[in-house]
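Hi,

Here is the structure I said I would pass on.

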Amino acid sequence: MSTTASDPLAALGALPGVSDAVNSVRQAVDRVYGHRVMRRRSNEVTAEAALRGSRGSAALAGADWNLEEVRRRTDFRGDGDARTVGAALRLTAEAGQLLSIWRQSPLRVLARLHLVAAGGAAPDDAVGRPRLAGESVDEPLIEAPLPSADEVAGRLDGLSQLIIAGSAAPALVTAAVVHGELLALRPFASRNGLVARTAERIVLIGSGLDPKSICPSEVGHAEQGRADYVAAFEGYTAGTPEGMAAWIAHCGRAVELGVRESTAVCEALQRGAA
């Protein structure tokens with residue numbers, strides 16, 4: 001990550017093109033929050049956004065089910081894809097319970113998220129803690145070099161300190177950095193992508209940008225496609241100003257696509273067809 005001594009996240013917000021992405025996201029979010037349906041049926045929009053966000057995150061993890069299958073199923077104990085979808089659903093449900101803890105203890109939240117995501121799919125002693133030296137990681141989508149356990153510990157601590165200290169950076173920037181850093185580190189034995197996207201969601205909600213959780217960025221990440229997701233992430237790992245700005249813009253576009261999805265839900269509710 002690019003850094004300055006005072007506020008490294010705010011410094012990223014000053015990169016060329018980032019302010020445009022931030023403003024575009026803010027305008028999109030304001031529009032959907034101003035929809036007339038949100039005045040009386042926001043809980044329904046939130047519930048539908050959670051379902052669609054879970055589906056999108058699972059799709060990026062390789063379990064690309066259609067929405068109605070996700071809606072219909074109640075048992076996710078079957079094959080690997082079913083367990084992945086179940087993990088995504090559990091994480092989305094858990095995210096709202098962890099908002100008050102995030103700013104005080106982000107590492108505790110990440111441990112909880114992995115515990116929820118793993119759901120018995122990883123060895124018990126590897127669940128809910130950063131991996132140790134020599135432990136492998138099951139994360140097939142991300143092929144970037146895997147940082148050592150010592151580097152993971154140091155960078156997680158640095159990320160935690162940034163979150164606890166707070167920043168003047170826009171929520172989109174903080175969310176993108178949290179997401180990107182967790183993907184880069186892959187600190188857990190499994191489910192790192194799901195955890196990273198849930199942490200992004202927590203930042204967007206907790207910052208006040210999306211307090212009702214109706215703008216599922218996971219939908220937008222999935223809609224842009226796995227190839228574009230990986231390409232944008234490579235910009236993050238490169239660490240150049242251009243690469244970082246491209247990753248933040250990609251995350252911004254994901255939020256906007258999530259807004260578009262929830263706007264369609266609002267329209268359907270208004271017509272009585274949802």
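A word on burial before anything else: I call a residue buried under 20% relative accessible area, exposed over 50%, and partly exposed in between, with a 1.4 Å probe and protein chains only. Please keep in mind that this is a predicted model, so local features need pLDDT of at least 70 and side-chain atom pairs count only at pLDDT 80 or more, while totals for chains, interfaces and linings use all residues. Residues are numbered from 1 along each chain as its sequence is written, and side-chain values use heavy atoms, with hydrogens and water left out.

With that cut-off, Ser213 counts as buried at 11% relative accessibility. Ser213 sits in the loop between α10 and α11, and although it is not a glycine, its phi is positive, at about 55 degrees. Arg191 is another non-glycine residue with a positive phi, near 60 degrees. You will find Arg191 in the loop between α9 (171-185) and α10, and at 16% relative accessibility Arg191 counts as buried.

Now the overall picture. The protein has 13 helices and zero strands; these are DSSP runs numbered from the N terminus, with helices being H or I of at least four residues and strands E of at least two. The C-alpha trace spans about 55 × 45 × 35 Å along its principal axes. For 274 residues, a compact globule would have a radius of gyration near 19 Å, and the 18 Å found here agrees with that (taken over C-alpha atoms, with the globule rule being 2.2 Å times the number of residues to the power 0.38). Of the 274 residues, 54% count as buried. Contacts (heavy atoms within 4.5 Å) with a separation of 6 or more are 73% between residues 24 or more positions apart. The protein exposes about 11,900 Å², and carbon and sulfur atoms supply 50% of that; the areas come from the Shrake-Rupley method with a 1.4 Å probe, and for residues only the protein chains shown count as cover.

At its start, a side-chain oxygen of Asp79 comes to within 3.3 Å of the backbone nitrogen of Asp81. The buried residues of α5 include Ala82, Val85, Ala88, Leu91 and Ala95. What covers the buried residues of α5 includes α3 (42-60), α4 (67-72), α6 (99-102), α7 (106-118) and α10 (192-206).

At 12% relative accessibility, Thr92 counts as buried. Leaving out residues up to four places away in sequence, Thr92 touches Ala50, Ser54 and Arg201. A polar atom of the Thr92 side chain lies 3.1 Å from the backbone oxygen of Ala88. That is a polar contact, by which I mean a pair of N or O atoms within 3.5 Å; within protein, one must be able to donate a hydrogen and the other to accept it, and residues adjacent in sequence count only if both atoms are side-chain atoms. The C-alpha atoms of Thr92 and Leu113, 21 residues apart along the chain, are separated by 9.6 Å.

From the α4 side, look at Val70. Val70 counts as buried at 4% relative accessibility. Among the residues that Val70 touches, not counting those up to four places away in sequence, are Leu51, Trp65, Phe76, Val85 and Leu89. Val70 and Leu89 are 19 residues apart in sequence and 9.1 Å apart in space, C-alpha to C-alpha.

Further along, Gln224 is in α11 (residues 217-224) and counts as buried at 19% relative accessibility. A 3.3 Å polar contact joins the side chains of Gln224 and His250. With residues up to four places away in sequence set aside, Gln224 also touches Arg253, Ala254 and Leu257.

What about disulfides, taken as cysteine sulfur atoms within 2.5 Å? The count is zero. The sulfur of Cys215 is 9.4 Å from the closest cysteine sulfur, in Cys266, which is too far for a bond. Cys215 counts as buried at 4% relative accessibility, and Cys266 counts as buried at 0%.

Cheers

Key:
Disulfide = S-S within 2.5 Å.
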